[in-house]
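The entries follow the order in which I looked.

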Amino acid sequence: MEKPLDALNKAKNKRVIVELKNKKEFSGVLKAFDIHLNTVLEEAEEREEGKVVRKLGQILIRGDTILFISPA
Amino acid sequence: MEKPLDALNKAKNKRVIVELKNKKEFSGVLKAFDIHLNTVLEEAEEREEGKVVRKLGQILIRGDTILFISPA
Amino acid sequence: MEKPLDALNKAKNKRVIVELKNKKEFSGVLKAFDIHLNTVLEEAEEREEGKVVRKLGQILIRGDTILFISPA
Amino acid sequence: MEKPLDALNKAKNKRVIVELKNKKEFSGVLKAFDIHLNTVLEEAEEREEGKVVRKLGQILIRGDTILFISPA
Amino acid sequence: MEKPLDALNKAKNKRVIVELKNKKEFSGVLKAFDIHLNTVLEEAEEREEGKVVRKLGQILIRGDTILFISPA
Amino acid sequence: MEKPLDALNKAKNKRVIVELKNKKEFSGVLKAFDIHLNTVLEEAEEREEGKVVRKLGQILIRGDTILFISPA
Amino acid sequence: MEKPLDALNKAKNKRVIVELKNKKEFSGVLKAFDIHLNTVLEEAEEREEGKVVRKLGQILIRGDTILFISPA
């Protein structure tokens with residue numbers, strides 16, 4: 001792996017966990033991202049303490065709100 | 001989909017939900033956006049816990065306040 | 001409408017509401033703005049919960065403090 | 001008026017109020033500013049709830065701390 | 001050593017500690033980083049007060065959330 | 001005076017007060033600064049409510065922490 | 001001294017104190033830095049109220065977390 005975003009390229013079309021700075025957590029299928037980490041998920045779910053609190057379908061998350069992204 | 005903003009291009013003229021970092025939520029018809037996620041909604045409504053608290057007509061939301069945008 | 005700032009061009013010389021990230025709200029006649037949303041209002045009023053708390057004449061609001069701008 | 005900073009050009013050498021994001025307020029004679037809103041005031045006074053709490057002479061205020069600038 | 005990121009080049013493929021601004025701490029094997037300090041760890045563990053609270057496998061941490069990185 | 005930083009050029013080698021966003025205040029002799037307001041003071045003192053709480057010799061203050069700089 | 005970072009060049013390979021915005025303080029030997037103030041210390045110690053709370057060896061501190069750097 002050369003660059004951090006290579007990790008996201010390998011995770012494309014797979015389910016990832018996106019944890020935000022405000023402690024929210026989203027799970028979804030990674031469809032797109034850019035250098036700011038603006039990220040599109042499909043089949044997205046918002047979770048709190050491991051439980052699904054909202055189903056959102058497709059979402060575009062603003063990159064500067066993200067703490068980390070991890071393959072599910 | 002290649003880039004995150006492609007998701008917004010497909011949502012143009014459709015109703016979207018915009019959730020802000022400060023927990024406010026707007027619903028409205030997506031009319032315009034740019035790379036900062038500055039976003040114009042029409043028929044905009046401000047919501048708290050699912051209820052409409054204010055009708056705003058057209059609004060321009062500053063992109064750096066946005067947490068996510070999702071088709072309604 | 002192509003770009004978000006087109007919405008402000010149409011609102012020029014008309015009364016707008018500017019809501020800030022810190023929950024302050026200004027009402028005034030939109031006279032100028034730039035790509036950072038630095039915004040000049042005339043006949044500006046500061047409001048809290050719908051009531052006028054201060055009359056300010058002309059103000060230049062720093063763009064990065066703004067949450068949204070909406071035609072009044 | 002074409003650009004927001006034109007408003008400051010007209011206010012040069014006149015007394016202005018500078019309100020900061022942290023709720024501090026300065027009054028002083030506007031001597032210089034730049035595109036970041038870095039601002040030099042002379043005969044500057046720090047105010048809280050309308051009362052002068054400190055006389056500061058000349059101050060250079062960092063632009064990113066500013067909420068708005070208004071002719072006094 | 002000439003530049004700060006040289007320290008990360010030497011730590012590549014070794015275990016590092018990443019402490020975040022929000023007081024979270026991750027331990028993992030450093031696989032990639034960029035000039036923003038966006039950082040990929042493998043075999044990543046989230047820790048609180050020295051104890052492992054979550055095993056995460058691979059994570060991409062957004063650089064602007066990082067306080068420091070240190071070889072374990 | 002044309003630009004805000006001209007005020008700092010005139011204050012070079014003189015004692016200035018640097019007030020930070022976090023309410024700390026430093027007094028010291030201004031030796032260097034740049035466009036970000038990164039600032040070097042010598043004979044620096046940290047003050048709280050007018051009293052010296054720490055003597056620091058030379059310090060480099062990161063510009064983005066600064067609220068204002070004023071000749072002492 | 002011409003530029004603020006000249007002060008750091010003179011402090012290279014000497015012990016410095018790095019105080020962070022979150023009130024943490026590190027002491028260590030300055031090995032590298034860049035224009036963002038990303039800073040590498042060796043023999044680094046984390047301190048609270050003057051006492052060593054953790055020995056860290058080498059650390060890379062993200063520049064935007066730094067309040068000031070001062071020769072020890």
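**Pockets and copies**

I looked up the largest pocket and found a volume of about 880 Å³. A pocket is an open set of points on a 1 Å grid over the protein atoms alone, where a 1.4 Å probe fits, with protein on both sides within 12 Å along at least five of seven lines. The volume is the space filled by probe spheres set on the points, which are joined across faces, edges and corners.

I noted that this is a predicted model, in which local features need pLDDT of at least 70, side-chain atom pairs count only at pLDDT 80 or more, and totals for chains, interfaces and linings use all residues. Residues are numbered from 1 along each chain as its sequence is written, chains are lettered from A and ligands numbered from 1 in the order written, and side-chain values use heavy atoms, without hydrogens and water.

Which residues lie nearest the centre of the largest pocket? I found A:D64, B:H36, E:H36, E:R62 and E:D64, out of 29 lining residues (an atom within 4 Å of a point). By class, I read seven nonpolar, eight polar and 14 charged residues in this lining.

I then took the second largest pocket, with a volume of about 500 Å³. Its lining has 20 residues, and A:K24, B:E19, B:K23, B:K24 and B:E49 are the closest to its centre. I read three nonpolar, three polar and 14 charged residues there.

Methods. Ala, Val, Leu, Ile, Met, Phe, Trp, Tyr, Cys and Pro count as nonpolar, Asp, Glu, Lys and Arg as charged, and the others, Gly among them, as polar.
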